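Good morning, and thank you for joining this group meeting. Please take a moment to look at the sequence and the structure, and then we shall walk through them together.

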Amino acid sequence: MNLILIGMSHKTAPLELREKLALCCAEPAATLERIKSIPSVEEALCLSTCNRFELIARTDGEHAVPQIKNFLVSQVNIAPEELEKIIYVHRNEDAVKHIFRVAASLDSMVMVEPHILGQVKAA
């Protein structure tokens with residue numbers, strides 16, 4: 001099993017790009033269906049807040065990363081080389097550690113922000 005997290009946050013991407021991705025996830029069920037239609041994605045979770053957008057996916061291999069990046073490019077209408085400058089990719093154990101940091105609000109603009117745990121739970 002491979003776990004991949006691809007995202008952008010207030011630390012890496014400007015607000016207008018985060019807003020575009022937030023709009024594409026306005027209908028979370030539809031967004032998840034589009035993500036899960038990527039052939040190498042077996043399960044997916046989409047976390048979209050005002051300060052971050054992250055896709056977490058269980059995949060059948062490393063070739064899922066470029067496919068997920070292509071999905072993001074299509075949603076934000078950005079050049080692939082520009083996307084590369086603003087996203088981060090975590091794999092397996094590093095992805096899990098990142099999710100726990102986010103849930104604990106250690107990666108938030110405001111430490112101990114109470115809403116992020118609920119947003120992670122809802123995702």
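This is a predicted model: local features need pLDDT of at least 70, side-chain atom pairs count only at pLDDT 80 or more; totals for chains, interfaces and linings use all residues.

Let us begin with S9, which is in contact (heavy atoms within 4.5 Å) with R18, N51, R52 and Y88, leaving aside its neighbours within four places in sequence. S9 belongs to strand 1, which covers residues 2-9. Helices and strands here are DSSP runs, numbered from the N terminus, with at least four residues (H or I) for a helix and at least two (E) for a strand. S9 counts as buried because its relative accessibility is 2%; buried means under 20% relative accessible area, exposed means over 50%, and partly exposed lies in between, with a 1.4 Å probe and protein chains only.

Residues are numbered from 1 along each chain as its sequence is written, and side-chain values use heavy atoms, with hydrogens and water left out.

Next, the strands. Strand 1 and strand 3 run antiparallel and are joined by eight bridges; two strands pair if DSSP finds at least two bridges between them. Within this pairing, M8 stands opposite F53 of strand 3. Strand 2 and strand 3 pair in the antiparallel sense over seven bridges, and they form a hairpin with three residues between them. How many of the eight residues of strand 3 are buried? Seven are, so strand 3 is largely enclosed by the rest of the structure.

We come now to the interior. In soluble globular proteins, nonpolar side chains tend to be buried together. A nonpolar core is a set of buried Ala, Val, Leu, Ile, Met, Phe, Trp, Tyr and Cys residues joined through side-chain atoms within 4.5 Å. The largest such core has 25 residues, and those with the most contacts inside it are M8, L55, I68, L72, L83 and I86. Among the elements that give two or more residues to this core are strand 1, strand 2 (41-48) and strand 3 (52-59). Which element gives the most? Helix 3 does, with seven residues.

Not counting residues up to four places away in sequence, I68 touches I6, I38, V41, L55 and A57. After helix 3 comes N77, whose phi is positive, near 55°.

Finally, the chain as a whole. The protein chain has six helices and four strands, which run β-α-α-β-β-α-α-β-α-α from the N terminus on. Its radius of gyration is 13 Å, close to the 14 Å that the globule rule gives for 123 residues, so the chain is as compact as a globular protein of that length. This radius is taken over C-alpha atoms, and the rule is 2.2 Å times the number of residues to the power 0.38. Of the 123 residues, 43% count as buried.
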